[in-house]
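Please open the structure in the viewer and keep the selection tool at hand.

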Amino acid sequence: MLNRFFLFLTAFLFCVPAVSARTAQPEKRKPALMWIDGSANHQRFSNPDTVDYYMKKLHDLGFTHAVVCVRPISGEVLYDSEIAPKYPTARPDYDYLGTFIESGRRNGIGIIASMNVFCAGHNYHDSGLIYSGHPEWASVVYDPVRGIVPITEQKEKYGGMVNPVNKEYQDYIIEVMKEIVTKYPGLDGLMTDRVRFDGIQADFSDLSRKEFEKYLGKKVKKFPGDILSWDNSGKHPKPVPGKYFKQWIEWRAGVIHDFVAKARKAVKATRPDIPFCTYTGAWYPSYYEVGVNFASKDYDPSKEFDWATSKYKDSGYAELIDIYTTGNYYTDITIDEYLANGGNEIWNETDSQAQSGTWYCVEGSCKNLRRILGKNEFLGGILVDQFYDNPENLSHTITENLKDSDGLMVFDIVHIITKNLWDEVEKGMKDYDAASTLD
């Protein structure tokens, strides 16, 4: 799918004004994306001079695109919308996204708009759509201690997730997607984020029960026990699968697949030329917990994982994505390094249990992603704040992701600015350039 993106990237580079190039850049550059989170960055970038400064800086470092989040987790937006409420601290007289697009054109940086999809509330601040008008959209979670409660009662979680099963919300968020690609014809892509269930705990609403029973073809007599229960005897609660657990996992993945297909179709009908993009976590062995199957439709996970049925492969949606970015959020870079460090356990944000294995390093992740994605390409993502205490490895992970994947996604610019890690970013880009030149 990225082949289409490379054609777009070539056309983009030919249509922007000439800008100064960094020394020794390879002629054929892999896409390199810098993510600019909305809530963390919008005030800093509410000035055209600041946007220009950083867009030029990104270009000179070798980045090709900025991913500008315009719908943070609260569900409010950073542009004037006729559909969605505006982010309360957004500058009212300032076209935030439009300024990025204009600056990007001047500085040779493509601009991709990002939006959180199935998240519409900030639980730390009791703010956002599920607090100020649509509590019925909030996900209902099966908490190990509290039982079945709205996600707004899980204050240890900052993201107020929405139930992806809710068709009213699906239609709403697709209209928001269509609006932004229409309102900003200069956009170079639309990136979807958090296109998933909240986790293994979600969603246990009456709506989800009804839709699952329809899928299953029978009533679930013991709900939620026939799907899932919790063992609270250890240090951490442990999920215990019920008799319909695998079918539940299969159904949830189908919900996400069908939404992705519907959203892509709607966006492409509105703007046929715009790349339809997504971000997901790279931790596929446990990502079934959030109802996501980002693998190729030709890959059958049931031959490898005990949580997958033979029908699970039908929910693979890699072929629906033009630009696929994934989070290789690991501090161990190579397989040898992972093994030398004792095979560290990883507990990602969406996991209910710790995970281990050579998948959980950058090199191992990329090798496995190649296998499950088939012919579909991907951009390896890094999380900068993981390297605050080891900035040398920030350079290393940039180089390794560029080497092992089809491009780079860096999350997030605020971490680089806050800790002044620009030299480490530059070194990672240059080290890859030097190695690829030798190749």
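Begin by selecting helix 5, residues 167-183; helices (H or I, at least four residues) and strands (E, at least two) are DSSP runs, numbered from the N terminus. Helix 5 has 17 residues and reaches 24 Å from its first C-alpha to its last, close to the 24 Å expected at 1.5 Å a residue, where the expected span is 1.5 Å times one less than the number of residues. This is a predicted model, in which local features need pLDDT of at least 70 and side-chain atom pairs count only at pLDDT 80 or more, while totals for chains, interfaces and linings use all residues. Residues are numbered from 1 along each chain as its sequence is written, and side-chain values use heavy atoms, with hydrogens and water left out.

Next, select Asn 166, which caps the N-terminal end of helix 5. One of its side-chain oxygens lies 3.0 Å from the backbone nitrogen of Glu 168.

Which residues of helix 5 are buried? Among them are Tyr 169, Ile 173, Met 177 and Ile 180; buried means under 20% relative accessible area, exposed over 50%, partly exposed in between (1.4 Å probe, protein chains only). Their cover includes helix 4 (96-107), strand 3 (110-116) and helix 7 (245-270).

Now select Leu 97. Setting aside residues up to four places away in sequence, Leu 97 touches Val 68, Val 70, Ile 111, Ala 113, Ile 180, Tyr 184 and Leu 187, contact meaning heavy atoms within 4.5 Å. Leu 97, Ile 111 and Ile 180 are also among the residues that touch the most other members of the largest nonpolar core, which has 143 residues. Such a core is a set of buried Ala, Val, Leu, Ile, Met, Phe, Trp, Tyr and Cys residues joined through side-chain atoms within 4.5 Å. Helix 7 gives the most to this core, with 12 residues.

Proceed to the aromatic pairs, of which the structure holds 36. Rings of Phe, Tyr and Trp (its six-membered ring) pair if their centres lie within 6.5 Å; planes under 30 degrees apart count as stacked, over 60 as edge-to-face and the rest as tilted. Select Tyr 279 and Tyr 329: this pair is stacked, 6.2 Å centre to centre, with 20 degrees between the planes. Tyr 279 lies in strand 11 and Tyr 329 in the loop between strand 12 and helix 9, so the pair ties together parts 50 residues apart in sequence.

Finally, select Arg 252 and Phe 197. The charged end of Arg 252 sits over the ring of Phe 197, 4.6 Å from its centre; the criterion is NZ of Lys or CZ of Arg within 6 Å of the ring centre and within 35 degrees of the ring normal.

Terms used:
A polar contact is a pair of N or O atoms within 3.5 Å; within protein, one must be able to donate a hydrogen and the other to accept it, and residues adjacent in sequence count only if both atoms are side-chain atoms.
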